[in-house]
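Student: Could you take me through one part of this structure closely? I would like to see how that part sits among its surroundings.

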Amino acid sequence: MAPIIKIEGLEKTYDNGFQALKGVDLDIHEGEVLALLGPNGAGKTTLISIICGLARATGGKVTVGGHDIARDFREARKLIGLVPQEMSIEIFEKVQPNVRHSRGLFGKPRDDAYIEQILKQLTLWDKKDNRIRELSGGMKRRVMIAKALSHEPRILFLDEPTAGVDVELRKEMWEVMSELKKSGVTIILTTHYIEEAEAMADRVGVISQGELLLVEETNTLMKSLGKKELHIELETPTDSVPPALAERGVELGPNGETLVYSYDTAAEHTGITDILSDMRKAGLRLNDISTRQSSLEDIFVDLVREQKRKEEEDAA
Amino acid sequence: MNWRAIAAIYRFEMARTFRSIGQSVISPVVSTSLYFVVFGTAIGSRIQTVEGIEYGAFIVPGLMMLQMLMQSVSNAALGIYFPKFVGTIYETLSAPISVPEIVAGYVGAAATKALMIGLIILGTASFFVDLQIAHPLAMLAFMILTCVTFSLFGFIIGIWADNFEQVNLIPMLVITPLVFLGGAFYSISMLPEAWQTVALFNPVVYLVSGFRWSFFAMSDVPVGISLVAIAVVLVACLAVINLIFRTGWKLRT
């Protein structure tokens with residue numbers, strides 16, 4: 001199946017010379033949830049802005065549903081709904097007319113039944129006649145989502161949908177996203193909450209300094225890059241790891257109170273039972289055992305750190 | 001053509017106008033009444049007639065022109081500056097709308113409001129003076145042309161402006177003096193000869209003169225020249241707007 005969004009060699013250099021995107025290639029498939037992760041200033045918002053028509057690319061090509069975003073901008077933009085990062089909303093306007101206005105902007109005929117459906121889905125229906133300034137922050141954000149959905153887009157961009165919102169609202173936003181995904185909408189979200197990507201995304205893309213470092217299925221990524229650590233708490237601290245254990249890669253934890261062993265869960269043989277029997281042979285008694293899985297956050301930090309290291313090497 | 005988008009922008013902007021309909025209408029009515037008291041009564045008692053027209057009636061086209069120019073420029077400037085300021089412009093820029101459509105929506109709404117206020121002033125004036133309009137259709141055409149042209153100009157100001165002071169600066173610092181010096185309250189034939197020549201460089205002279213012709217069938221400059229002058233300003237504004245959107249200046253990075 002052809003990707004719903006195809007990005008080829010996308011480049012963006014701002015007037016001040018800052019290169020925000022350095023040749024990004026990415027295919028986004030219909031119906032998926034793609035999370036773009038990256039530190040501040042990585043180029044996530046620039047990427048979205050170009051696809052949605054807020055910024056102009058200085059190189060490369062993007063098609064949305066097969067339509068070039070520059071040449072066939074009308075057809076391309078009709079497919080897209082955008083919820084920007086900033087809370088940008090006309091506060092003096094009422095909820096329902098404002099959402100209706102958005103639909104009109106995208107050239108769709110008035111459809112009150114559809115607007116009602118969206119407002120109900122986002123639990124905004126009983127606020128429909130309120131002025132937007134009377135709503136809470138979370139409600140305002142919902143109005144922005146309703147506006148983005150008002151023209152029945154097939155793709156929804158959510159730029160940092162949960163930045164600066166409380167835990168409860170974040171959970172609500174996730175529910176909204178799952179609902180949308182179920183209805184077949186392709187969702188691209190940027191975030192720096194790793195937890196969010198882990199919970200929501202089918203695939204994760206990591207952007208740093210204008211480059212797409214990787215795009216991978218969330219599960220695969222967790223499996224292939226995820227490591228597990230076994231922490232063995234000792235009854236009495238030791239000052240050195242017995243040679244048999246050291247050979248297997250066991251290291252001494254802080255103050256010699258624990259032994260730490262990193263292993264690959266995907267491997268055929270983890271070596272845990274061997275370590276435990278070696279410990280008994282070496283006369284070490286244990287208090288407790290725990291395991292810790294590396295999160296997407298660790299993976300992400302590693303990736304970005306590695307990129308920095310490479311650049312420093314190149315510079316040297 | 002995305003007609004629905006034009007209609008959506010137009011309705012949205014008009015809704016903004018009607019939300020503050022009180023101040024939109026009261027302020028021009030009050031200021032017009034003040035002008036009548038000051039110019040019409042105080043000065044009019046000494047001037048009486050200009051070129052055979054009662055002074056109170058003579059200043060009506062100028063007064064309307066003053067308010068319509070101010071309103072056109074500031075409505076259109078604010079109309080586009082405000083979404084830029086609060087960030088809601090993102091929606092218009094990401095919608096499937098072309099430049100002429102965006103301009104038609106915003107400028108159409110700003111011009112409509114200015115036109116409404118022009119008519120309200122005409123109504124207010126009719127309480128103070130006896131008015132006979134020689135060419136009503138020409139008058140209306142002049143009003144529409146003026147409102148559209150200066151709304152386009154205001155639209156440019158709104159895109160250019162980086163803060164609210166700048167939005168107000170041009171109407172205050174440019175439009176008001178040009179109108180006052182452009183023969184809104186006198187015939188430029190009353191000026192010393194040297195100043196008459198200077199006045200001819202003021203585009204508002206042509207607007208006021210042509211507009212006054214539609215009322216009294218007399219004018220400082222031939223009405224054809226007035227039309228050409230408006231057309232020149234109109235085309236210049238359209239050219240600048242086209243350039244702004246082609247380059248994305250101040251709108252798209």
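Tutor: Let's start with helix 1 of chain A, residues 44-52, which is mostly covered in this predicted model: 9 of its 9 residues are buried.

Now turn to strand 8 of chain A, residues 186-191, another mostly covered element, with 6 of its 6 residues buried. T186(A), I188(A) and T190(A) point one way from strand 8 of chain A, while I187(A), L189(A) and T191(A) point the other way, and all are buried. Strand 8 of chain A has partners to look at, too. Strand 3 of chain A (residues 33-37) runs parallel to strand 8 of chain A and is joined to it by 5 bridges; within that pairing, L34(A) stands opposite I188(A). Strand 7 of chain A (residues 155-159) also pairs with strand 8 of chain A in the parallel sense, over 5 bridges, and here D159(A) stands opposite T190(A).

Elsewhere in chain A, 4 strands make an open sheet, in the order 2-1-4-5, with antiparallel pairing. Strand 2 (19-28) and strand 5 (67-68) of chain A each have a single partner strand and stand at the edges, so one side of each is left without a neighbour in the sheet. For strand 2 of chain A, follow the pairing with strand 1 of chain A (residues 5-13), which is antiparallel and spans 7 bridges; E11(A) of that pair stands opposite K22(A) in strand 2 of chain A.

Finally, a word on the nonpolar cores. The largest one has 76 residues, and M65(B), V73(B) and Y106(B) have the most contacts inside it. Among the elements of chain B that give two or more residues to this core are helix 2 (21-47), helix 5 (99-128) and helix 6 (136-160), and helix 3 of chain B gives the most, with 18 residues. If you pick out V73(B) and leave aside its neighbours within four places in sequence, its contacts are F150(B), F153(B), G154(B), I157(B), I170(B), P171(B) and I175(B). A second, separate core of 66 residues includes I4(A), L10(A), V62(A) and I299(A).

Technical notes. Residues are numbered from 1 along each chain as its sequence is written. Chains are lettered from A and ligands numbered from 1 in the order in which they are written. This is a predicted model: local features need pLDDT of at least 70, side-chain atom pairs count only at pLDDT 80 or more; totals for chains, interfaces and linings use all residues. A residue is buried if 20 or more other C-beta atoms lie within 10 Å of its own, exposed if 12 or fewer, and partly exposed in between; C-beta atoms are placed from the backbone. Two strands pair if DSSP finds at least two bridges between them. A nonpolar core is a set of buried Ala, Val, Leu, Ile, Met, Phe, Trp, Tyr and Cys residues joined through C-beta atoms within 7 Å. Two residues are in contact if their C-beta atoms, placed from the backbone, lie within 7 Å.
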